[in-house]
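Here is a walk through a few pieces of one fold, with the structure open beside the text. Have a look at it, then read on.

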Amino acid sequence: MNTICRDIFRAIHERKWLSIEYRNGKDEVTKYWIGIMEIDPIRKSMHVMGLHLGQYTTMSLYIYIESILSSAVIEGSYFETKQELIDDITYNQGKYRRIFDNIANLKVLNYLVDCNKMDSVPYKTDYALIEHLDGEWQGTYKLTPEQFRQIVSKFQYGAKDAASKKKMKQLAINVLSIHTPKGVYVLVYRKLRLDVQKKTLRQDEEITVCMEFALEKNKPEAKFGIRKFLDADDYELLNDFEKNQELIKDKITKSNPQINGVDDMPYVIAIGRDLLVDLHQEYEAIHKMYEKDEVTIPIKAFFGELLKQVDRRKNYPITLLDRKINLDQLLAIHNAMKYPLAYIQGPPGTGKTNTIVNTMVTAFFNEKTVLFASYNNHPIDGVCDKLKSIPYRNKGMIPFPIIRLGNDKCVLQALDDIRDLYKRTKDISIFDSTLEKNKDDKTRRTEKLTKLLQRHEERIELKEREEAILKMIETNQHLTFQTELQGVQLQEVRKKLAEIGEITDEEALKLVVEDEELFKKYLYYTSAKYIQRLKEPKNQDLMEIVNCPDEEKKVKQFNTYIRQEENLKKFQRIFPIIATTSISAHKIGEPGTYFDMVIMDEASQGNIAMSLVPIIRGRSLMLVGDPQQLSPVILLNPIDNEKLKRIYGVTDEYDYIKNSIYKTYLACDAVSEEILLSHHYRCNKKIISFNNKKYYNNKLIINSPDKEANPLIFKNIPANTTNYKNTAPQEVEEIISFIKEHPDKSIGIITPFTNQKELINKALKDNGMENIPCGTVHAFQGDEKDVVLFSLAITQQTYQGTYDWLKNNKELINVATSRAKDQLVILSDIKELKRLHSAGDDDIYELVDYVQTNGEAQVTARETSSRALGIKPYSTQTEAAFLTTLNHALDNVLNTNNRCVVQREVSIAHVFQENESYDDLFYTGRFDFVVYEKGYRGQDMPILAIELDGKEHKENAIVRARDEKKNAICRAHGFELLRVENSYARRYNYIKNILIQYFKRVR
């Protein structure tokens, strides 16, 4: 499917016009806007309403898709697409296969692009489109011929101008604005769209709420958020603005006397949004993968297409900077090198950065290229600093070939680093034969460790197989089957488990070779060898950029240079490890696959849409995150999100607001393993024990030292009164006193509220304590301090809604408490906490109780969906339903006296030999597992088939309708069809192997 077909698909589903250049039968090229009414998929033609861009007249046209030379969706336009056409494309995908491939995936990607467009801070802009269009009006606005021509002309320019693809301008009607001393904050507006046929501007039914708004473009200090004007208690009112608008106006007016009321007059405004990345262009790489049948495993996993564990690659020797390692971390490195997908859950203080650093060192040793990305700068800088600061004897730091790219400032620093590295290494003598010998020696010395990790892997698989056998024994009472499973298969598994035995951290550490200095020597000279490639003639163009005296010019030149595939490949020979933010990854090569590995840190904070940009560029993926910590910061309005979900019919796994890239991958990939880094090294045991019991299913092994006799302190601040919402001045005074009393401690101050943060920072400045960091929890992700002061700012002015938002905010509470190494100090008014506390879940109240009782109070565990924490990816209902149906079908098979055979991955055309048209309905093309009954004259009859469904991104009604048709067809052919949903795929594969072994032996 080419870009034109994808634009047609978008225009239909988003009900927009499409700008095209069209070559007619006389070989003449004409420009039109078209609104698509019907499609003939056999002739690949369309019946459209066309707007001639020279004459500004509309007419009915029949056009051929293959005669369209170029296309662009007209943003801000409106066409009344027939719902019948949208439904037909959705329900009858086989019919449209010649035009639209992978419709389910296309819907997800279009949804993510549109979400990302709206996930930005809007601002008021000049959009000089229409003369004499001002004043107030309701409903639709009839345009004059001149106004219509002006709008079409501007929209057409915007569709074709490349720069405009990174800027959105939207005509809108003001619904509610707030006039501040700095400018107008447009809180609510209604989009205007150009109805070409009627030559009118029409208002969208849905409103858009701006939770943040920039009063001046590119000026963060001029950005306002709704929390400045509306209490957290009242945020919920915005979810149904139409119903609550008068109440919202009253609350804003009463709480903010400085603004002189609100502005609800319906006049035309223009809203601007800046888009950092053209995601349509980036996602072209995914479409091309499917067109060429070269889809990477990470992309298959994203779309729920992994139905069994990926075959292992070869074992790679693991190389470590030191012996500060444990079995979990070794397994994480091993899996990242060996498999195309590795999910690593890294709770606070469990050595996540150490694991990533050693994975990169191992990848470098094995000559793999790596793209290291994160949504935030902090984790990238932390890892880069560690790899740039590896000392080797008296030679200074090892010139490890990692380069940190990103925004223009980062690129300028990178170019300076390249120049410095070249100067440091150009005269170092390199002996290739010695390096090769050292590498071979190191590989041999790591063989025992590699074999141990293989044993551990095998043990995990055997335990899962044992569990599956026991489940089958429990649910199927057929005597022959029970005898085979209990007497043979279960005994075989348990015998192998006994041979492998338990594997401990101590056993693994014994095999970590103590050759630190020898390995650093290898790293030093091998790194220098890579950097010295800058001398090669083919890298002269790069060195000219590096040595360019004009800073602005050389940054621009480098960004152009690294965008070209040939240059990127040359650059990777010098710097095989490149680090950048997810947003800036689009600058590295045209969209495509260039790296052996992508490692993404803080993946639980990365939004889905932007995180795909680096993921596209790698053949394998290591996702490191923790869904129990902070989620992505999303500005997309929930109303807009629900509308987009309806348009594209996407399922909850891809919900842009509810998920991070980490959560989406775990929801869509039920077969790959997730490893928990379980050893905690940061916090005093009493501090982290709360988090362990509450959020981590008690899976953390706490290895941190207890340096502080009183690690938990609650400071009750009675009569904690205030005149300004979400502030607690008495807590601020107590914080200043505490800091003065503990000058030797590294202290961090965390508070849930921006207003309290500002009050504390003012007090710190007034007292000359500006070196003490204070912020909301997002400022402290990945950080740690000796002491954390957690200022709750709960006062007599705190309303129930605000407290309800805070009390079960697990990500905020988990991160805030786990920053403290030695001491956690909570400041609040216990009387106000008791006033707001009610029966039911209340993590804040439990935390305060836990701290007050010095860690003795009971902690109730929170439900989690993490596989790494021992929670199955499927529900008990899913397993029960499948096993009930399977055992019913098996009873029919086992009770027959005829011999049966099993075949795997059987073509559907083979099963339905007389009617291959069913292949359109069973569009996976094959059954995963078929049991045949041996008949006369070698005629095998299918009696049971299993189909393993991928994650299908459709509405439930469509899935149900298709499945009912499948079941009816199979029944008509005399056999039973069982379907396995994606979440059960891993367990099912074990059950399938149990059945295969059974039929081989018994039947």
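Which strands does helix α1 lie across, and at what angle does it run to β5? Helix α1 (residues 3-14) lies across β1, β2 (29-40), β3 (45-52) and β5, and runs at about 40° to β5. Before going further: this is a predicted model, where local features need pLDDT of at least 70 and side-chain atom pairs count only at pLDDT 80 or more, while totals for chains, interfaces and linings use all residues. Residues are numbered from 1 along each chain as its sequence is written, and side-chain values use heavy atoms, with hydrogens and water left out.

A quick word on terms: helices (H or I, at least four residues) and strands (E, at least two) are DSSP runs numbered from the N terminus. Axes are lines fitted to C-alpha atoms, for helices over the stretch in contact, and angles run from 0 to 180 degrees between N-to-C directions.

The strands here form an open sheet of five, in the order β4-β3-β2-β1-β5, with antiparallel pairing (two strands pair if DSSP finds at least two bridges between them). At the edges sit β4 (57-64) and β5 (68-73), each pairing on one side only. From one strand to the next, the twist averages 35°. Strand β1 (residues 18-23) pairs with β5 in the antiparallel sense over five bridges; Leu-18 has Val-73 as its bridge partner in β5.

**Two helix pairs**

Helix α1 also meets helix α2, and α6 meets α20; here are the numbers for both.

| Helix pair | Angle | Axis distance |
|---|---|---|
| α1 and α2 (residues 83-91) | roughly 125° | within 9 Å |
| α6 (residues 279-291) and α20 (residues 608-615) | about 50° | 10 Å |

Angles under 35 degrees count as roughly parallel, over 145 as roughly antiparallel, 65 to 115 as roughly perpendicular and the rest as oblique. That is why α1 and α2 are oblique to each other. Their crossing is left-handed (the near helix is turned anticlockwise from the far one by less than a right angle; clockwise would be right-handed). Phe-9, Ile-12 and His-13 of α1 make the contact with Leu-85, Ile-86 and Ile-89 of α2, contact meaning heavy atoms within 4.5 Å. By class, that gives five nonpolar, one polar and no charged residues (Ala, Val, Leu, Ile, Met, Phe, Trp, Tyr, Cys and Pro count as nonpolar, Asp, Glu, Lys and Arg as charged, and the others, Gly among them, as polar).

Given their angle, α6 and α20 are therefore oblique to each other. The crossing of α6 and α20 is left-handed. On the α6 side, the contact uses Leu-279, Glu-282 and Tyr-283, and on the α20 side Ala-609, Met-610, Leu-612 and Val-613. The contact of α6 with α20 has six nonpolar, no polar and one charged residues.

**A parallel sheet**

Further along, another open sheet of five strands runs in the order β24-β28-β27-β25-β26, with parallel pairing. Strands β25 (residues 747-750) and β27 (residues 785-791) pair in the parallel sense over four bridges, and Ile-750 has Phe-790 of β27 as its bridge partner. Helix α23 (residues 685-695) packs on this sheet, touching β24 and β28 (820-828), with its direction at about 70° to that of β28.
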